Amino acid sequence: MKFGTKVIHAGIEPDPTTGAIMTPIFQTSTYVQASPGDHQGYEYARTQNPTRSTLEKNLAALENGSHARCFASGMAAVDAVIKLLKPGDEVICTNDLYGGSYRIFTKVFANYGIKFHFVPMNDLARVKEKISGNTRMFWIETPTNPMMNVVDIRAIADLAQVQNAWTVVDNTFATPYFQIPLDLVADMVLHSITKYLGGHSDTVMGAVIVKDVSLDEQLGFLQNSCGAVPGPQDCFLVLRGIKTLHVRMQRHCENGHKVAEYLANHAKVDRIYYPGLETSEGYEVARRQMRDFGGMLSFVLKGDSMEDAFRTLEKLKVFALAESLGGVESLAGHPASMTHASIPKEERMKTGLSDSLIRLSVGIEDSSDLINDLEQAIG
Ligand SMILES: *Cc1c(COP(=O)(O)O)cnc(C)c1O
């Protein structure tokens, strides 16, 4: 099956009792057994829920994995993956990481004896410098948030295999429509489903997808033991949202490209970060590992003043000023004070995340309305 067919059909069967084409919402906490232990694979809804399993099968198929596990949020998925490690283990991760991941690594798991090294992962020499006998995991985001740096997944995964370490790719920005990390020999793919996979800004959820059965068993153990599972109504909403993933991503990307071209030629724009521009540093690697470049981009105004950035954000009418990304509606954000406020300024500045950086999640509205909106706001 091709991607556009999988989003609609993979893992999804008509309901056996009624033929309902849409997966029912199994709103139950427990399941009746005929005699103790005599059940149909369903005992208790933290452990198994049919709405959730259908979504997990669909996600596994989209990422070319064999198994998926859904969690109550993207952060709960991150939490489960790091809990595969033990005190003394080390993780090498991208330095311009999603703020919430940076926070859980440095403020939660560092206290449990796990060590995190933050490096620009598009520089392999810098990555190699951090490798030690305790390196157990490589953590990639690509394109990164919000600087849109591109990391060569295959190069890192090859390096990880030599170390007998896992490669984890947070594929939230690209989605499996643009990039399939497991095909590039990564071990785990992580999503904040809240963003593009859900796609309609109405659900918070996360997932981890793998190929390896024993890794899936470990994640399943954590999913059940720690208990951060999503409810069946949310699973239903995501199953519904995913059916249009390929169509939405295509339009996000088309619009993203148009907005990037517009900003690149704007007299008041100093720098623009979008991997789809040929002048962008990550362009070649992005072209190799991605089908196309997506709808996320960031830019800095000339003069680099926070006040100018704030004024622009306040004037936007079609773009809503909000955290998050990946919904059908366009959003604009100010990472330094919003999504990345938990990263100290010195750390942020190392990656170029200046106080005036504006991040856009380009939605699927008519592109001329989006460009007109930017035009009146930037002036
Ligand atoms: C939003 C996000 C997360 C966290 O997901 P939640 O669903 O908000 O918990 C993790 N990684 C990336 C790249 C994100 O954008």
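Begin by selecting Pro146, which is found in the loop between strand E4 and helix H6, where helices (H or I, at least four residues) and strands (E, at least two) are DSSP runs numbered from the N terminus. The model is predicted, so local features need pLDDT of at least 70 and side-chain atom pairs count only at pLDDT 80 or more, while totals for chains, interfaces and linings use all residues. Residues are numbered from 1 along each chain as its sequence is written, and side-chain values use heavy atoms, with hydrogens and water left out.

**The loop between E4 and H6**

Show the backbone from Asn145 to Pro146, where the peptide bond is cis, with omega about 5°. Then step back to Pro143, which lies in the loop between strand E4 (135–141) and helix H6 (153–163), and look at the bond that reaches it from Thr142, which is cis with omega near -10°. Met148 lies in the loop between E4 and H6 as well, and its phi is near 60°, a positive value in a residue other than glycine. Is Met148 buried or exposed? With a relative accessible area of 5%, Met148 is buried, a word that here means under 20% relative accessible area, whereas exposed means over 50% and partly exposed in between (1.4 Å probe, protein chains only).

**Another positive phi**

Now select Ser201, in the loop between E6 and strand E7 (206–210). Ser201 has a positive phi of about 50° although it is not a glycine, and at 48% relative accessibility it counts as partly exposed.

**Strand E2 and Glu90**

Select strand E2 (residues 90–94), in which Glu90 is found. Glu90 is buried, with a relative accessible area of 10%. Which residues is Glu90 in contact with, leaving aside its neighbours within four places in sequence? Display the side chains of Lys115, His117, Lys130, Ser132, Asn134, Thr135, Arg136 and Met137, which are its contacts on that count, contact meaning heavy atoms within 4.5 Å.

Colour the protein by its division into domain 1 (21–242) and domain 2 (245–378), bounds that come from an automatic or database domain assignment. The centres of the two domains, taken over C-alpha atoms, are separated by 25 Å, and the contact takes 36 residues from domain 1 and 44 residues from domain 2.

On a 1 Å grid over the protein atoms alone, a cavity is a set of points where a 1.4 Å probe fits but cannot get out, and a pocket is an open set with protein on both sides within 12 Å along at least five of seven lines, while lining residues have an atom within 4 Å of a point. Grid points are joined across faces, edges and corners, and a volume is the space filled by probe spheres set on the points.

The structure holds four cavities of 30 Å³ or more, and the largest cavity has a volume of about 50 Å³. To find the largest cavity, select its lining residues, including Asn145, Pro146, His340 and Arg348. Because both domain 1 and domain 2 give residues to its lining, the largest cavity lies between them.

Of the 28 residues that line the second largest pocket, Met75, Tyr98, Gly100, Ser192 and Lys195 are the closest to its centre, and its largest share of lining, four residues, comes from H4. Why does the second largest pocket lie between the domains? Domain 1 and domain 2 both give residues to the lining of the second largest pocket, so it lies between them.

**The largest pocket**

Select Asp15, Pro16, Phe26, Tyr42 and Pro50, which lie nearest the centre of the largest pocket among its 23 lining residues. About 530 Å³ of space lies in the largest pocket.

**Helix H9 and its cysteine**

Finish at helix H9 (residues 232–242), where the buried residues include Pro232, Cys235, Phe236 and Leu239. The buried residues of H9 pack against helix H1 (3–9), helix H2 (50–62) and helix H10 (245–264). The sulfur of Cys235 is 5.5 Å from the closest cysteine sulfur, in Cys70, too far for a bond, and the structure holds zero disulfides, a disulfide being a pair of cysteine sulfur atoms within 2.5 Å.
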